[in-house]
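Biologist: Hello! Could you walk me through the charged residues here, one question at a time?

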Amino acid sequence: MLATPASATDAEASGRQISDEALVEELIATVSSARSFQEFRRSQRKECFNLLRWLQLLLPLIQEIREAAPPLTDDAYRRLALLGRAFQAARRLLRCCHDGSKIFLALESEAVLGRFRAVYEKMNLALDGMPYSDIGISDEVKEQVELVNTQLKRSKKRTDTQDMELSMDFMVILQNKQDGNADRAILERLAKKLELQSLADLRAETMAIKRLINERNGQQAESTKQIIELVNKFKGIAGIDEKNILGEVSIPKYLEKCPSLMIPNDFLCPISLEIMTDPVIIASGRTYERRTIQKWLDAGQRTCPKTQQPLTHLSLAPNFALKNLIIQWCEKNKVEIQMAEPEPEVEQEELKADIPSLVKDLSSIHLDVQRKAAKKIRTLSKENPENRALIIDNGGLPALIGLLSYPDKKIQENTVTSLLNLSIDETNKVLIAKGGAIPLIIEVLRNGSVEGQENSAATLFSLSMVDENKAAIGTMGGIAPLVDLLKHGTIRGKKDAATAIFNLILNHSNKFRAIEAGIVTVLLKILDDSKLGMVDEALSIFLLLASHPSCRGEVGTMPFVEMLVRIIKEGTPKNKECALSVLLEVGLNNNSLMVHALGFGLHEHLVNISKTGTSRAQRKANSLIQLSRKCS
């Protein structure tokens with residue numbers, strides 16, 4: 001046993017809140033509790049495993065103190081108490097990254113990283129000057145602890161590269177209130193990155209967001225609104241009809257008098273969790289409410305929501321036997337629900353019959369027939385995944401690719417838009433590229449109609465979700481016409497071009513191609529035209545360019561720095577965030593540019609933002625204030 005004061009009164013008299021023995025046991029219990037978390041959100045996984053490893057390596061220090069049971073000097077007690085507070089902060093952080101909202105953790109990744117660094121600071125403070133000789137620690141354990149402390153110091157200084165693709169995706173989705181095909185592609189990529197695709201994952205995320213809302217207690221309303229908006233969008237593309245996450249899951253009026261535990265589980269739709277009124281069987285053999293499973297399929301899903309089993313077909317068969325059982329149960333329990341009539345499938349069957357004929361018409365020798373077929377295919381390819389599958393299965397892809405080089409601009413426009421719609425499905429992105437469509441789409445981008453050019457840019461963006469396609473689009477000359485559209489296009493064209501360029505220059509070779517195409521001059525003009533409303537998009541592209549040493553010289557000029565200072569002074573909160581990020585990237589690598597910025601009154605604005613800006617802007621402002629001190 002540890003030597004401790006004779007009583008609690010003695011402990012209080014010595015200025016110690018708990019006894020030596022209780023302090024050590026608390027340290028061990030906290031580490032054991034933290035080690036129980038083994039799975040973490042993807043955005044913080046690496047940092048969590050590092051923190052867990054360091055906690056594990058520090059455990060022998062506490063265990064040796066417990067075994068040796070030395071009387072703790074005031075200094076030793078103080079340092080172990082500090083270490084205890086650091087361990088508790090580490091446990092809270094690991095818990096947050098274990099079951100917290102994935103959307104919150106990704107959106108606020110920089111703030112969460114700041115929490116990790118604060119934990120490292122606390123651990124470092126406790127371990128620095130630990131009186132090892134006073135507490136009987138072996139040389140082996142001492143060396144291990146000192147090694148951990150050195151690693152902690154390095155981690156405090158480490159500046160991790162921000163996931164720019166993720167940041168840009170969030171920005172595009174949160175800024176754009178219109179649902180387009182390109183936005184859907186971004187949402188699908190985000191859902192995949194955040195692991196928010198399955199019904200189970202989305203339900204867990206909903207509960208995590210409810211906890212977050214309760215913890216915030218009305219604070220940070222704008223951030224909460226964004227998180228709710230995003231989870232509803234993810235539910236939308238997954239076909240899940242459940243958007244009320246602000247309160248408890250609402251109970252339908254017809255069930256208010258009926259305890260949910262009395263309802264047989266087989267009567268509830270696995271997606272909506274409501275009694276089914278029109279149950280249908282899908283290819284996996286599972287039964288769902290027609291309306292909810294149709295939304296799931298219309299969102300492009302080709303798996304069973306419950307089992308994740310791939311669906312061999314998308315037909316829905318009425319489950320009359322279950323429907324009759326539900327009707328009988330409702331009558332017996334006096335539950336009033338309006339049973340839906342099975343929806344007619346005639347129209348869908350007619351569309352299925354039309355598609356082979358329309359694909360054939362794409363190759364007709366009559367221009368009018370081709371035009372009508374291309375226009376109809378464009379409409380059908382947008383409606384649902386089954387239509388897209390039928391178009392592909394009936395040879396529609398090579399026929400459409402063949403029409404891209406046709407001199408009729410209207411046919412080109414409808415054809416490239418059909419390919420944009422087909423590219424919604426992930427497998428088609430690869431098929432379209434392998435079919436030789438990319439150089440032909442680039443040609444439409446150069447010489448097509450206004451809408452044809454806009455939709456070509458959107459199609460290149462959608463195809464660039466596949467990494468190999470990023471390289472191919474750049475190699476085949478796609479960057480220069482996108483920069484030209486960014487310069488001369490309509491507002492919609494400029495936005496489509498900016499989104500595509502951002503995605504493409506995640507590939508390093510494409511950064512140089514964009515520079516050669518004169519993107520810097522084009523972006524500077526966009527920054528100078530506040531009416532366009534594209535400051536954030538332009539700055540995000542600048543940030544990617546500035547992150548590469550070979551491109552930094554083109555970006556880092558004194559006039560550009562002056563423009564950044566102006567945006568920091570006059571821009572919207574989001575503009576300021578982006579401008580601060582770019583200036584920090586440029587200033588860290590060129591102190592003379594930072595000095596130049598300070599000469600234009602930057603410091604005053606930094607101080608103001610560090611107190612009143614958004615959380616991300618405050619962090620960037622504080623980093624720039626520290627950098628300015630070094631420069632001066």
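Biologist: Is Arg95 buried, partly exposed or exposed?
Modeller: Arg95 has 44% relative accessibility. Buried means under 20% relative accessible area, exposed over 50%, and partly exposed in between (1.4 Å probe, protein chains only). So Arg95 counts as partly exposed.

Biologist: Before we go on, what kind of model is this?
Modeller: Residues are numbered from 1 along each chain as its sequence is written, and side-chain values use heavy atoms, without hydrogens and water. Local features need pLDDT of at least 70, side-chain atom pairs count only at pLDDT 80 or more, and totals for chains, interfaces and linings use all residues, as the model is predicted.

Biologist: Which residue meets Arg95 in a salt bridge?
Modeller: A salt bridge is a side-chain nitrogen of Lys or Arg within 4 Å of a carboxyl oxygen of Asp or Glu. The N to O distance here is 2.8 Å. Both partners lie in helix H4 (residues 74-99), 4 residues apart, about one turn of the helix; helices are DSSP runs (H or I) of at least four residues, numbered from the N terminus. The partner of Arg95 is Asp99.

Biologist: How many residues apart are Arg378 and Glu451?
Modeller: Arg378 and Glu451 form a salt bridge, their closest N and O atoms being 2.6 Å apart. This pair links distant parts of the chain, with Arg378 in helix H15 (residues 367-383) and Glu451 in helix H21 (residues 450-463). Their separation is 73 residues.

Biologist: How many salt bridges are there in the whole structure?
Modeller: Another one joins Glu585 and Arg552 at 3.9 Å, N to O. A search of the whole structure gives a total of 20.

Definitions and conventions:
Helices (H or I, at least four residues) and strands (E, at least two) are DSSP runs, numbered from the N terminus.
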